[in-house]
Amino acid sequence: KRKTKRKTMMQKLIIPLLIVAITMVITHCQAGLPTGMKTTTTASGINHVVKQTLPIILQQAKAAKIPDQSGTHHVSVIGKIDWSVTDITIQSLAIAGFTASSSNNAVAIKLNGLNLHISCNWHWKEHDWPHSSGSGSADASCADSYVSSSVDVSIVNYRPHLATTSSSVSLQHFDMTFHGGEGWLLNFLESMFNGDIKHKIQSSIESAITSAINKQADKALNS
């Protein structure tokens, strides 16, 4: 009886272990392939995971919630102003391709050629009398950016399990198009967008991608 139980336990472990092994090997092989959305491989396991998860991951990254930004700034032309940038929305998000590599029980994935287009509204008001104010909108675009994620592969309850250990988004310089506003204000808003606001955007996308990989990739691997 003990031998039978031991044999049954081994049978339960063999399949998920093979899935993880194939995933790790094929991922390692893919690292040498030309970058592109349509990588080909004979291993159905990794193809299934990529096909099922990448569109969803990008969709959730596009839906990332970016918090409104506001503050106080001194402008030499009129003095202190209160400013805000609101309704920061990702209108489009696309990548040129991806690369992947494996080491031990980890898979490193890099999404290359990230192109991003964002819209937002802005408002300012003079802090002191006569409290002049203005508002408008803006579009921001950046290209040739990238996303890198590290994913651990393990066995949980006899099934392969993926868990993101880190995600990093690196956005290049934003080119801005403003609708309304004076030159002094636009220069300030552009500097803010390529500083603190860009960091907030990166952080929001990182969180969305981490959540998507943990939920969708793990689900696809076990389907």
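This is a predicted model: local features need pLDDT of at least 70, side-chain atom pairs count only at pLDDT 80 or more; totals for chains, interfaces and linings use all residues.

Visitor: Fine. What does D152 touch, not counting residues up to four places away in sequence?
Guide: D152 touches N105, A106, H161, L162, A163 and T165. D152 itself sits in strand β5.

Visitor: How far apart are the C-alpha atoms of D152 and T165?
Guide: They are separated by 6.7 Å, and the two residues are 13 apart along the chain.

Visitor: Is D152 buried, exposed or partly exposed?
Guide: D152 has 34% relative accessibility. Buried means under 20% and exposed means over 50%, so D152 counts as partly exposed.

Visitor: And T164, buried or exposed?
Guide: T164 has a relative accessible area of 13%, so it is buried. The residue is found in strand β6, which covers residues 159–170.

Visitor: Which residues is T164 in contact with?
Guide: Leaving aside neighbours within four places in sequence, T164 contacts S150, V151, T210, I213 and N214.

Visitor: New topic. In what sense do β3 and β4 pair?
Guide: Strand β3, residues 97–103, pairs with β4 in the antiparallel sense, over seven bridges. Within β4, V107 is the residue that stands opposite S102.

Visitor: How many residues are between β3 and β4?
Guide: Two, and the strands form a hairpin. In the turn, N104 has a positive phi of about 55 degrees.

Visitor: Which strand has D87, with its positive phi?
Guide: D87 lies in strand β2, residues 79–94. Its phi is about 50 degrees although D87 is not a glycine. D87 has 47% relative accessibility, so it counts as partly exposed.

Visitor: What about the phi of D144?
Guide: The phi of D144 is positive too, near 55 degrees, and D144 is not a glycine either. D144 is in strand β5. The relative accessible area of D144 is 61%, so this residue is exposed.

Visitor: Last one. What kind of peptide bond joins W129 and P130?
Guide: A cis peptide bond, with omega about 10 degrees.

Visitor: Where is P130?
Guide: P130 is in the loop between β4, residues 106–126, and β5, residues 133–156.

Technical notes:
Residues are numbered from 1 along each chain as its sequence is written. Side-chain values use heavy atoms; hydrogens and water are left out. Helices (H or I, at least four residues) and strands (E, at least two) are DSSP runs, numbered from the N terminus. Buried means under 20% relative accessible area, exposed over 50%, partly exposed in between (1.4 Å probe, protein chains only). Two strands pair if DSSP finds at least two bridges between them. Contact means heavy atoms within 4.5 Å.
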